[in-house]
Amino acid sequence: MWFETNLTKLLNINYPIIQAGMAGGPTTPELIATVSNSGGLGTLGAGYMSPEEIKEAIHKIQTLTNKPFAVNLFIPEDVLVEDQKVLKIHNTLQSFYDELGIEQPVLPKTWGPSFELQMKVIIEEKVPVFSYTFGSLDHKWVEQLKANGTKIVGTATTVKEAKLLEEMNVDAIVAQGSEAGGHRGTFACKAEDAMIGTMALVPQVVDAVNIPVIAAGGIMDGRGLLGSLSLGASGVQMGTAFLTTKESGANQLYKNTLIEATEEDTIVTIKFSGKAARGLKNEYTERLKDLPDNEVPSYPIQNSLTQPLRKEAAKQGKAKWLSMWAGQGLRLTQVEGAEQVIRRVMDQASNTLNLLKND
Ligand SMILES: Cc1cc2nc3c(=O)[nH]c(=O)nc-3n(C[C@H](O)[C@H](O)[C@H](O)COP(=O)(O)O)c2cc1C
């Protein structure tokens, strides 16, 4: 069948569709299991989760499906605390905190969960697929994962990054185009130099490596899947399309805003987290528009400084200050179950293929 590819064989799935790991709540065990039970690959976005939370989520997923699934983590980066920048952004953010009526946080001593301990859970639990972004995975982990039979998927935003990942022995590569929602996975060049659209990036990555390539960024339906396969990809990774599903854990305010939004409504900004990410424009991005990027503390410092603001804004129903990551395919979002997404994408791709053949 046309949809059996190197990727479906590698990951032991029916359809070449991966639901992106989306850290921060959208990827509930129900979403992941539904995608995997429907023939795709569900992914737990575990970047911000503690080792205990990851373990618990894996066990929950295993009660809901016996199909393969993935866990996704962030490769940690060196943390560079620049006091002057922190002081300045503190002053800038104060008005948001005042309006929300909460205290602004002091700098934490640690930056998110320990990657070492997160990885220990991935190894212990022998997850079927491990995917990652923001860098390249150390050999010591690659060896342990391979010994367990875990398939490894890295994220690249340029050909250079794809080649670096292949050298590190990953099994497949997500080629993340600039249309993509969420953080840019860029790690080997400046984020602004890696804004390559999916249509341009995928065939260039396909030509440069000898392992399956997964297209990501702006893929919302069967046309996107078929187009990606035509470019030489062996499958797709979709994030935004799954955010509005009934199983998604994205909060309702975020879901409603996504449904109303159009392709004109996103921006790539570092103002929420200190790292380039595509999300919906809102009052927060507008108010900080004129703040030069080089005055924003780097990731994950800025992320920590704005986290309570975003959490409280969600509690108070203020979408105007939320980070609402989203790709450019926004008009194609639908309110439906995750199983329907898979079925709709596959049906549309089959129908489109038939139309092309009959012409
Ligand atoms: C809300 C959201 C959160 C995301 N979080 C992650 C993440 O934790 N890890 C990761 O590898 N990619 C993450 N991404 C990026 C996706 O893996 C993927 O590249 C992107 O969703 C593809 O573009 P699309 O949103 O247009 O489908 C996220 C994307 C979104 C929309």
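Helix 2 (residues 29-37) is mostly covered in this predicted model, with 7 of its 9 residues buried. A residue is termed buried if 20 or more other C-beta atoms lie within 10 Å of its own, exposed if 12 or fewer do, and partly exposed in between, the C-beta atoms being placed from the backbone. Helices (H or I, at least four residues) and strands (E, at least two) are DSSP runs, numbered from the N terminus. The buried set of helix 2 consists of Pro29, Leu31, Ile32, Ala33, Thr34, Val35 and Ser36. These buried residues pack against strand 1, strand 2, helix 3 (51-64), strand 3 (69-74), helix 10 and helix 14; contact requires C-beta atoms, placed from the backbone, to lie within 7 Å. Just after helix 2, glycine 39 adopts a positive phi of about 105°.

Residues are numbered from 1 along each chain as its sequence is written. Because the model is predicted, local features need pLDDT of at least 70 and side-chain atom pairs count only at pLDDT 80 or more, whereas totals for chains, interfaces and linings use all residues.

Helix 9 (residues 222-230) also contributes buried positions, namely Gly224, Leu225, Leu226, Gly227, Ser228 and Leu229. The packing partners of these buried residues are strand 1, helix 8 (198-208), strand 8, strand 9 and helix 14 (338-358).

The protein contains 14 helices and 11 strands in total. Its radius of gyration, taken over C-alpha atoms, is 20 Å, close to the 21 Å that the globule rule gives for 359 residues, so the protein is as compact as a globular protein of that length; the rule is 2.2 Å times the number of residues to the power 0.38. Along the principal axes, the C-alpha atoms fill a box of roughly 60 × 45 × 40 Å. Buried residues account for 49% of the 359 residues. Of the contacts between residues at least 6 apart in sequence, 70% join residues at least 24 apart.

Eight of the strands belong to an open sheet with parallel pairing and the order 1-9-8-6-5-4-3-2, where two strands are taken to pair if DSSP finds at least two bridges between them. Strand 1 (17-19) and strand 2 (42-45) stand at the edges with a single partner strand each, so one side of each has no neighbour in the sheet. Neighbouring strands of this sheet are turned against each other by 25° on average, direction ignored; the axes are lines fitted to C-alpha atoms, for helices over the stretch in contact, and angles run from 0 to 180 degrees between N-to-C directions.

Within this sheet, strand 5 (residues 151-156) is mostly covered, 6 of its 6 residues being buried. Lys151, Val153 and Thr155 point one way from strand 5, while Ile152, Gly154 and Ala156 point the other way, and all are buried. Strand 4 (residues 129-133) pairs with strand 5 in the parallel sense over 3 bridges, and valine 129 stands opposite lysine 151 of strand 5. Strand 6 (residues 172-176) and strand 8 (residues 213-216) are joined in the parallel sense over 4 bridges, with glutamine 176 having alanine 216 of strand 8 as its bridge partner.

A second open sheet comprises 3 strands in the order 7-11-10, with antiparallel pairing. Strand 7 (182-183) and strand 10 (266-269) form its edges, each pairing on one side only. Strand 10 and strand 11 (residues 277-280) pair in the antiparallel sense over 4 bridges, and threonine 269 stands opposite alanine 277 of strand 11. In the loop between helix 11 (252-260) and strand 10 is glutamate 264, an exposed residue with 9 other C-beta atoms within 10 Å. The C-alpha atoms of glutamate 264 and leucine 330 are 8.9 Å apart, although the two residues are 66 apart in sequence.

The ligand is surrounded by 29 residues, the closest being Ala180, Gly181, Gly182, Gly239 and Gly327; a residue is near a molecule or strand if its C-beta atom, placed from the backbone, lies within 6 Å of it. Strand 9 (235-238) and helix 10 (240-243) are the elements that give two or more residues to this shell. Helix 10 gives the most, with 3 residues. By residue class, the shell divides into 12 nonpolar, 16 polar and 1 charged. Ala, Val, Leu, Ile, Met, Phe, Trp, Tyr, Cys and Pro count here as nonpolar, Asp, Glu, Lys and Arg as charged, and the others, Gly among them, as polar.

Notes: Contact = placed C-beta atoms within 7 Å.
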